[in-house]
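Thank you all for coming; I would like to take a few minutes to walk through one structure with you. Please have a look at it on the screen before I start.

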Amino acid sequence: MLDADIDFKNTAYAIERANGLELDGQGHKLSNYTVENTQAAGLICNAVSVKFRNLIIENAAVKAVDDGGGNAYAGVLVGRSYGTIVFDNCQVVNSTVEGVNKVGGMIGFVAENRVEATDCKVVGCTISNIDVTEESGQTGGFAGYLGNLYNSTCSFTNCSVEDTEINAYMNRDDRKIGKFIGCFQGDQATDIVSIDNCSVKNVALKGMNEMAQSFVSTYGDLLGGQRYGKGTVKITNSDTDIHISTRG
């Protein structure tokens, strides 16, 4: 539990791996930390069944470096995750995050299982990926890529991305990008993404190459699309839950 704000004063700080951690910020703030790590980068680069509650992150600078295979996953709080990740009443404010693929404001890459996010915000952030042939994409304002859910549900409730800029390259059609969630793998119908009462407000999704500029989401602003197209997407209580049936 945090009993006070912590200002890292622009020094490097990251947890390479955390398993079973529960972090309650009690409304306090972690600010001005920097992360630069190969492959996966975040406050926690690799998280296994971690819970974050009542936490504010401000002025963080997170960068995932290409591992040589075109992979660099980044999120301000979590780079890559396994198990169940919980975000409850968390905010990421005025921060920057950069990678190649699977890049998001809160979390970059849900590698296995699920995320449960409630009452969370990404505000005033800049989220970017770099141009790597065949690899760039899967970038979103809140989450970059929801991968192997294994018959579970990723849920996002009362969450938003606001006043944020996303600078995205997209180099393959299955590397979707979006203002809220970039891409959902979608292996089978029992892999579910539930988005309830979520929104994007004053978010600029800037395509950095021709494919990204021409991309139109199947699910409006809240989800770029599915990689395999077999998952179940439930969007409720949103004014952006109109499916776009054609590109153009």
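I will go through the sheet, then the nonpolar cores, and then the aromatic pairs.

Please keep in mind throughout that what you see is a predicted model.

Let me begin with the sheet, which is open and is formed by six strands in the order β2-β6-β10-β14-β19-β23, with parallel pairing. The strands at the edges are β2, residues 15–19, and β23, residues 181–184, and each has a single partner strand, so one side of each is left without a neighbour in the sheet. From one strand to the next, the twist averages 15°.

Now to the cores. Which residues touch the most other members of the largest nonpolar core? In that core of 67 residues, they are Phe87, Phe142, Phe156 and Phe180, while the largest share by element, four residues, comes from strand β11, residues 84–93. There is also a second, separate core of six residues, and among its members are Tyr73, Ala111, Tyr145 and Cys183.

Phe109 and Tyr145 form a tilted pair, 5.8 Å centre to centre with 40° between the planes. Phe109 lies in strand β14, residues 107–112, and Tyr145 in strand β19, residues 143–148, so this pair ties together parts that are 36 residues apart in sequence. Phe109 is buried, with a relative accessible area of 12%, and Tyr145 is buried as well, at 2%. The rings of Phe142 and Phe156 have their centres 5.8 Å apart and their planes at 90°, so that pair is edge-to-face.

What sits over the ring of Phe109? It is the charged end of Lys102, 5.2 Å from the ring centre, and the charged end of Lys102 also sits over the ring of Tyr145, 4.9 Å from its centre.

Finally, ring pairs link Phe8, Tyr13 and Tyr33 into a cluster.

How values were computed:
Residues numbered from 1 in each chain as written. Predicted model: local features only at pLDDT ≥ 70, side-chain atom pairs only at ≥ 80, totals over all residues. Heavy atoms only, no water. Core = buried A, V, L, I, M, F, W, Y, C linked by side-chain atoms within 4.5 Å. Buried < 20%, exposed > 50% of the residue type's maximum accessible area, 1.4 Å probe, protein only. Helix = DSSP H or I, 4+ residues; strand = E, 2+ residues; numbered from the N terminus. Pairing = 2+ DSSP bridges. Axes fitted to C-alpha atoms, helices over the stretch in contact; angles between N-to-C directions. Phe/Tyr/Trp six-rings, centres within 6.5 Å; stacked < 30°, edge-to-face > 60°. Lys NZ or Arg CZ within 6 Å of the ring centre and 35° of its normal.
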